[in-house]
Amino acid sequence: MLLVPMVVLFLPWLQSALGGRNMWLIKQQVLQSQEQRILKHLLKNSNGMTEPKEGLFPQPLDHFNRRNNGTFKQRYWVNANLWEPRLGPVFLFIGGEQVLLSSSVLAGEHVDLAQKYRALLVSLEHRYYGKSINPDGLTNQNIQFLSSQQALADLATFHEFIGQQYNLTRNNRWVCFGGSYPGSLSAWFRLKFPHLAFAAVASSAPVRAQLDFTGFNKVVSHSLSNPVVGGSMKCRSAVASAFSQLDRIMAGSNTSQLEVDFKSCQKLNGSDDRAEFACNLASIVMGTVQYNKVVLSRNIANLCQIMTNQSLGSVYQRLMVLNKDYMDSIELQCVDNSHQNILANLRSTEVKPYAMADRQWYYQMCTEFGYYQTCEDKGCPLSHWLTLRFELDICAEVFGIDPGSVQDAVDFTNSYYGADHPASSRIIFVNGDIDPWHVLSVLKNQSCSEVALVINGTAHCANMNPVEQDDPPSLRQARQKIDYQIGAWLAEEHLSSW
Ligand SMILES: *[C@@H]1O[C@H](CO)[C@@H](O)[C@H](O)[C@H]1NC(C)=O
Ligand SMILES: *[C@@H]1O[C@H](CO)[C@@H](O)[C@H](O)[C@H]1NC(C)=O
Ligand SMILES: *[C@@H]1O[C@H](CO)[C@@H](O)[C@H](O)[C@H]1NC(C)=O
Ligand SMILES: *[C@@H]1O[C@H](CO)[C@@H](O)[C@H](O)[C@H]1NC(C)=O
Ligand SMILES: *[C@@H]1O[C@H](CO)[C@@H](O)[C@H](O)[C@H]1NC(C)=O
Ligand SMILES: *[C@@H]1O[C@H](CO)[C@@H](O)[C@H](O)[C@H]1NC(C)=O
Ligand SMILES: *[C@@H]1O[C@H](CO)[C@@H](O)[C@H](O)[C@H]1NC(C)=O
């Protein structure tokens, strides 16, 4: 039977473009593009597998206070086609800050490994994202149960649940996988629940929380000038000079020309709208670097070709071309730069399973991680309107959270999980050096069983995608090391259990 995740074909991905920042639209586009790639992959390699099982199971709303008897239904997926029940391991794919689809147990690095190690493939959607949320989950009162600690406790319950459903024994060892925030969860599940998670692969995992994440745009700057991915010093300086020209115009009183040139949906009203405008334009560059080559049409090489092409006019005019290309790629008619619209969107408590989950993620940023991608330092090549103050105001405006408390939350996250020195074992941290997030991850081997792999020339989570013909040798090599390491760990334990 052919497996086709039909849902891919009609998901209303970009439906709620209004009131959403460009970075979120880019994220949606990336998700869609990955789904399409997986669909293509499945059409080629159906392997006679049967359809994965989708399930919902009840989960306590608050694991840490059993006097709260509330529950929600959490979604999971199971693909048992490759599994050898007696000794086959369980490969857990951990969901994160977005909807989790059947593709999570059908394609990707972990599925290729499952084929080799005959693993049971399971995945769990993160609480409060996708379908895994109560209809009243997004109210300021109820969103308090959204946290990484609760999410890890969900994984513990899920471990028990799947264990019963599939009659698992201690011989069926759990290896967890995740990328980006779920990459951190993957490492942290092994760290905090070593009796449940035997090993973990943490891809592009920003395990070190940081309030003012200036490093993000430092890597953006570096990647724009990196010839390995089609960047150059000329490209970096063209981008920097275009944004400094924008900043000069925005410092003046009249922004009418900007509104026309960059197709703003409305007049920019005051400094908040100007900051949104700057943020939306900067996001095109930031998103292109973070997801280099994930959306095939958009990558650093193309961006640099536009930004260094003198026949397109001044750097300002080239930035206009870049913006237009981006808008065309997602069929956006105009860019919403209204700060009031963006706040209204973030305040909306309506649950929409497939829409952008920006309210949820902003909440986690305010209460756990910070991660504000600012551009206030002198060397930053994007708009200096990306300030920490502007970002932190959202915590107060949307959730009533004191911006001054966010640093404390970040500090707690780092002491709770160990930042970039988690003292654990059997974890592989994988990062690409083009990816701006890599600087918050574990980049050095911590011990012989807590290993860091840094891939030359790849972006966010590149190793997790299905194998492609044009994967660079550095990526192939990293995948081989991951495979070898997991094989060695699984073999070691099986020997001792004989
Ligand atoms: C849950 O707790 C509330 C009071 O906190 C109680 O009224 C309700 O009956 C309980 N529900 C269940 C299913 O136990
Ligand atoms: C688990 O074991 C029970 C009883 O031994 C059996 O009925 C059930 O089919 C088994 N489930 C699976 C998935 O093997
Ligand atoms: C703003 O600039 C535009 C042209 O760039 C001009 O047409 C318009 O009159 C100016 N508005 C004000 C209020 O100065
Ligand atoms: C412009 O912004 C001010 C506050 O900065 C607000 O009171 C006003 O309603 C806004 N005007 C429009 C048309 O959005
Ligand atoms: C530069 O832009 C012109 C006009 O769009 C185009 O014809 C040309 O191919 C571009 N050059 C490069 C190197 O991309
Ligand atoms: C960590 O050790 C592994 C071998 O176990 C090696 O392949 C890898 O390159 C090392 N990572 C770093 C960042 O030195
Ligand atoms: C990455 O690979 C390129 C060749 O593709 C090489 O020139 C460069 O030195 C490598 N960088 C690192 C940090 O190894």
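1. Basis. This is a predicted model, in which local features need pLDDT of at least 70, side-chain atom pairs count only at pLDDT 80 or more, and totals for chains, interfaces and linings use all residues. Residues are numbered from 1 along each chain as its sequence is written, and side-chain values use heavy atoms, with hydrogens and water left out.

2. Extent of α15. Helix α15 (a DSSP run of H or I, at least four residues) comprises 12 residues, 406-417, and reaches 17 Å from its first C-alpha to its last, close to the 16 Å expected at 1.5 Å a residue. The expected span is 1.5 Å times one less than the number of residues.

3. Buried side. Val406, Ala409, Val410, Thr413, Asn414 and Tyr417 of α15 are buried (under 20% relative accessible area, 1.4 Å probe, protein chains only; exposed is over 50%). They cover an arc of only 135 degrees around the axis, which puts them on the same side of α15; the arc is that of the directions from the helix axis to the C-beta atoms. Exposed Asp408 and Ser415 are carried on the face turned away from the buried side.

4. Ligand 6. Leu443, Asn445, Val451, Ala452 and Lys481 surround ligand 6 (a heavy atom within 4 Å). A polar side-chain atom of asparagine 445 lies 2.3 Å from an oxygen atom of ligand 6, while an N or O atom in the side chain of lysine 481 is 2.8 Å from an oxygen atom of the ligand.

Methods
Chains are lettered from A and ligands numbered from 1 in the order in which they are written. Helices (H or I, at least four residues) and strands (E, at least two) are DSSP runs, numbered from the N terminus. A polar contact is a pair of N or O atoms within 3.5 Å; within protein, one must be able to donate a hydrogen and the other to accept it, and residues adjacent in sequence count only if both atoms are side-chain atoms.
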